[in-house]
Amino acid sequence: MTDTSASATHTASDFGDVVSLLKPRVMSLVVFTAAVGLIVAPVSVHPFLGFCAILFIGLGAGASGALNMWWDADIDAIMKRTQSRPVPAGKVTAHNAMLVGLWMSVLSVAMLGLAANWFAAAFLAFTIFFYAVIYSMWLKRSTPQNIVIGGAAGAFPPMVGWAAATGGVSIEAWGMFMLIFMWTPPHFWALALFMNDDYTKAGVPMLTVTHGRRTTRKHIMVYTVLLTPFCIGLGFTSIGGPVYFLASLILSVMFLRGAYGLYTRAEETAEADKYIAERRVFKFSLFYLFILFAALLVEEVMRNLSIGLENWPVVI
Ligand code: HEM
Ligand SMILES: CC(C)=CCC/C(C)=C/CC/C(C)=C/COP(=O)(O)OP(=O)(O)O
């Protein structure tokens, strides 16, 4: 990591710059999955404490984003997609980004401990550590498997939500983890296919850079196939049901079709149409995860209203 703090030309940072440090768009889906984890857990939480727990998990997620922006300031300054972020744009010094990240980490973990329990708080601390240190500081610059292993960080939040409600984790929480864990590679590599020039320029060893787009297309296909049983299987746990099952079936077929389309696509065609199919699959990956977690919420509402199917087969 390069210290960009000395070179940053300072205009005063405003509130918007500090908010941008927290990667609010990405983190909104992260927080949604954590909220679903908390709501579908079998222990009901007082709505105010539940709201606070989700808020503190959100703060923790934002903190990890700020730490990532501090550490990656040198990479972000090179890549077109990230050049206008507050640190490379000189709106916030790298040092201040680090301070925001550290203080918010401490605050979010302590507050979650007080609002929920210390198991969930320790889990949140571990998730922040995993994203900031294991992924950002270690794996991202050292291996093309960076996002496969590092993806665990993004898969932990629903487990943190579940832990905030129950004080522990269970098979359903692991099911949500596996869904996001297996989803992350196709989500990210679809983006890497059309952002490869940025990563090449910045020297980040993403799969597209080290092994090329052809291999990456194959990997997207393989991970989407592997993802499918986890996606559909979650429907047959105690948090699943017919609505989730139907959604998982339709979305799986759509994701598999998209991945197969990328797999069979010639590089020249993709380049000629500015990677439109790759952009579509990336966008679809966000829709896919959002709808699946929304379907889990619908199942929870139906259970609470006692309008779920009584004899839905729960295998696990
Ligand atoms: C290590 C795992 C992951 C990697 C490497 C990754 C990578 C990325 C990248 C590079 C972008 C573009 C961001 C930008 O332009 O600022 C992105 C966008 C996004 N990611 Fe991921 N992601 C990961 C996990 C996740 C997870 C777990 C979620 C949510 C559960 C998520 C949700 C999103 C969303 C919502 C966007 C769109 C943001 C926007 O609209 O600008 N990502 N991801
Ligand atoms: C509760 C909690 C702590 C949640 C954290 C969740 C988490 C790890 C989300 C990962 C999301 C993300 C933006 C990864 C990309 O990093 P990148 O550095 O490769 O992307 P960039 O190039 O856009 O910075």
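Guide: The shell around ligand 1 is made up of eleven nonpolar, six polar and two charged residues (Ala, Val, Leu, Ile, Met, Phe, Trp, Tyr, Cys and Pro count as nonpolar, Asp, Glu, Lys and Arg as charged, the others, Gly among them, as polar). The model is predicted, with local features needing pLDDT of at least 70 and side-chain atom pairs pLDDT 80 or more, while totals for chains, interfaces and linings use all residues. Residues are numbered from 1 along each chain as written, and chains are lettered from A and ligands numbered from 1 in written order.

There are 19 residues around ligand 1 (C-beta, placed from the backbone, within 6 Å), and those that come nearest are Arg25, Val26, Leu29, Ile147 and Gly154. Four helices, α2, α7, α9 and α14 (276-304), each supply at least two residues of this shell (helices are DSSP runs of H or I, at least four residues, numbered from the N terminus). Because domain 1 (22-167) and domain 2 (170-305) both contribute residues to the shell, ligand 1 lies between them; these bounds come from an automatic or database assignment.

The C-alpha centres of the two domains are 21 Å apart, and 26 residues from domain 1 and 26 residues from domain 2 take part in the contact between them (C-beta atoms, placed from the backbone, within 7 Å). On the side of domain 1 that touches domain 2, α2 (24-40), α4 (73-78), α7 (146-155) and α8 (157-166) each supply at least two residues, and α2 gives the most, with seven residues. By class, that side of domain 1 has 17 nonpolar, five polar and four charged residues.

Where α7 meets α9, the residues on the α7 side are Ile147, Val148, Gly151, Ala152, Gly154 and Ala155, and they face Phe177, Ile180, Phe181, Thr184, Pro185 and Phe188 in α9. The residues of this contact divide into nine nonpolar, three polar and no charged. Ile147 and Gly154, which take part in this contact of α7 with α9, are also among the residues that come nearest to ligand 1.

Note on methods: Contact = placed C-beta atoms within 7 Å.
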